[in-house]
Amino acid sequence: MKPEDTIDFHIRWAWLKIAKMYNRMGSGFGLSQSMGLVLLSIDPKEGTPSTSLGPMMGMESTSLSRTLKTMQDRGMIKRGKDVQDKRVMRIFLTKEGARLRSMASRTVVEFNEKILNQISPTKLKHFKEVIETIEQQTIKEA
């Protein structure tokens, strides 16, 4: 079997192309694809517990820690203790982070609109069913 005959080849290939596109688009603003994803994952009003970001994004804690440190150094985020539970560290957007989050959100929405304008609702439904099947299989194998 050739690599291009496997399902995971196409998923990996598509995601690498998408990540490369987002990296290229964000580079002019000092953002990487992973930074954009972090910005989109932070609740803009309440902040987000740092421990929930990794699982939410599918990122390893070491990569996430490095990304958060860079983002904090660049003034995109700030850290603060949870009001109810002082043991919990929350990640909040700064004014700059909120501005960049808005740009990242627009970029994702525009990309999705371009794709959705090219495929039918039926094809989208089938795509989601296939992805859900793959996801369920990976859960069984883990």
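Which residues does I77 touch, not counting residues up to four places away in sequence? Select I77 and look around: I42, L68, M71, Q72, I91, F92, L93 and T94 are in contact with I77, contact meaning heavy atoms within 4.5 Å.

Before moving on, a word about the model. It is predicted, so local features need pLDDT of at least 70 and side-chain atom pairs count only at pLDDT 80 or more, while totals for chains, interfaces and linings use all residues. Residues are numbered from 1 along each chain as its sequence is written, and side-chain values use heavy atoms, leaving out hydrogens and water.

In the largest nonpolar core, which has 17 residues, M76 and I77 touch the most other members. Such a core is a set of buried (under 20% relative accessible area, 1.4 Å probe, protein chains only) Ala, Val, Leu, Ile, Met, Phe, Trp, Tyr and Cys residues joined through side-chain atoms within 4.5 Å. Colour α2 (33-41), α3 (50-57), α4 (61-73), β3 and α5 (95-116), the elements that give two or more residues to this core. Helices (H or I, at least four residues) and strands (E, at least two) are DSSP runs, numbered from the N terminus.

Next, go to R90 in strand β3 (residues 89-93). R90 counts as buried because its relative accessibility is 16%. Its side chain makes a polar contact of 2.8 Å with the side chain of D82; the term means N or O atoms within 3.5 Å, one able to donate a hydrogen and the other to accept it within protein, with residues adjacent in sequence counting only if both atoms are side-chain atoms. A polar atom of the R90 side chain also lies 2.9 Å from the backbone oxygen of E46.

Finally, select I7 in helix α1. I7 counts as exposed because its relative accessibility is 58%, where exposed means over 50%.
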